[in-house]
Amino acid sequence: SDVLELLDVEVGPSDCDVSREVELSMTFNLSRPLRDALWEVQFMVDSVDARIVKVLGRTPRGDLPAGESSVDFSVEHIDVSGVRPSVLANVGLLMATLVAG
């Protein structure tokens with residue numbers, strides 16, 4: 001069965017240059033506790049020519065209890081050097097991955 005149920009996600013700011021700051025807030029429910037867990041946040045650009053994944057950061061490791069929890073993550077800017085502007089205008093994905101153990 002699924003351990004994680006995502007209840008709410010907020011990402012901002014919107015309607016701005018992709019290299020600006022990013023703020024991510026998530027509320028989630030865990031069906032069981034997770035030990036030594038962290039969230040890793042990445043920005044991926046995927047085109048016909050290349051896939052570029054930039055790790056934006058990680059939350060501190062810690063134990064997460066079963067039930068509802070929340071996490072807030074922010075970075076001052078996204079380093080998009082080496083990515084063509086035409087690719088950034090069309091394709092981009094913000095990913096948050098929960099890693100435990």
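Author: Contact means heavy atoms within 4.5 Å. The model discussed here is predicted.

Reader: Which residues does Leu-34 touch, not counting residues up to four places away in sequence?

Author: Leu-34 has its place in strand E3. With residues up to four places away in sequence left out, the residues that Leu-34 touches are Val-3, Gly-62, Asp-63, Leu-64, Leu-98 and Ala-100.

Reader: Is Leu-34 buried or exposed?

Author: Buried means under 20% relative accessible area. The relative accessibility of Leu-34 is 8%, so Leu-34 counts as buried.

Reader: How many Å apart in space are Leu-34 and Asp-17, C-alpha to C-alpha?

Author: In sequence, 17 residues separate Leu-34 and Asp-17. In space, their C-alpha to C-alpha separation is 36 Å.

Reader: In what order do the elements of the protein chain run from the N terminus on?

Author: The protein chain has one helix and seven strands. From the N terminus on, the order of these elements is β-β-β-β-β-β-α-β.

Reader: What share of contacts between residues at least 6 apart in sequence joins residues at least 24 apart?

Author: The C-alpha trace of the protein chain spans about 45 × 25 × 20 Å along its principal axes. Of its 101 residues, 28% are buried. Among contacts between residues at least 6 apart in sequence, the share joining residues at least 24 apart is 67%.

Reader: What is the bridge partner of Asp-46 in E4?

Author: Strands E3 and E4 run antiparallel and are joined by seven bridges. The two strands form a hairpin, with four residues between them. Within E4, the bridge partner of Asp-46 is Arg-51.

Reader: How many salt bridges does the count come to?

Author: The rule requires a side-chain nitrogen of Lys or Arg within 4 Å of a carboxyl oxygen of Asp or Glu. By this rule, the count of salt bridges is three.

Reader: Which parts of the chain does the pair of Asp-63 and Arg-35 tie together?

Author: Asp-63 and Arg-35 form a salt bridge, with 3.8 Å between the closest N and O atoms. Asp-63 is in strand E5 (residues 62-64) and Arg-35 in strand E3 (residues 34-46), so the pair ties together parts 28 residues apart in sequence. Asp-63 counts as exposed at 53% relative accessibility, and Arg-35 is exposed with a relative accessible area of 64%. The parts tied together are thus strands E5 and E3.

Reader: Where in the chain is Arg-61, which pairs with Asp-36?

Author: Asp-36 forms a salt bridge with Arg-61, and their closest N and O atoms are 3.5 Å apart. This pair links distant parts of the chain, 25 residues apart: Asp-36 is in strand E3, and Arg-61 is in the loop between strand E4 (51-58) and E5. Asp-36 is partly exposed, at a relative accessible area of 34%. Arg-61, in the loop between E4 and E5, is partly exposed at 48%.

Reader: Is Glu-40 buried or exposed?

Author: Glu-40 forms a salt bridge with Arg-58, the closest N and O atoms lying 2.7 Å apart. Arg-58 is in strand E4 and Glu-40 in strand E3, a link between distant parts of the chain, 18 residues apart. Arg-58 is exposed, with a relative accessible area of 51%. Glu-40, at 15% relative accessibility, counts as buried.

Reader: Which element supplies the largest share of the largest nonpolar core?

Author: This core has 20 residues, and those touching the most other members are Phe-28, Phe-43, Leu-56, Leu-64, Phe-73 and Ile-78. At least two residues of the core come from each of E2, E3 and strand E6 (67-75). The largest share, six residues, comes from E3.

Note on methods:
Residues numbered from 1 in each chain as written. Predicted model: local features only at pLDDT ≥ 70, side-chain atom pairs only at ≥ 80, totals over all residues. Heavy atoms only, no water. Buried < 20%, exposed > 50% of the residue type's maximum accessible area, 1.4 Å probe, protein only. Core = buried A, V, L, I, M, F, W, Y, C linked by side-chain atoms within 4.5 Å. Pairing = 2+ DSSP bridges.
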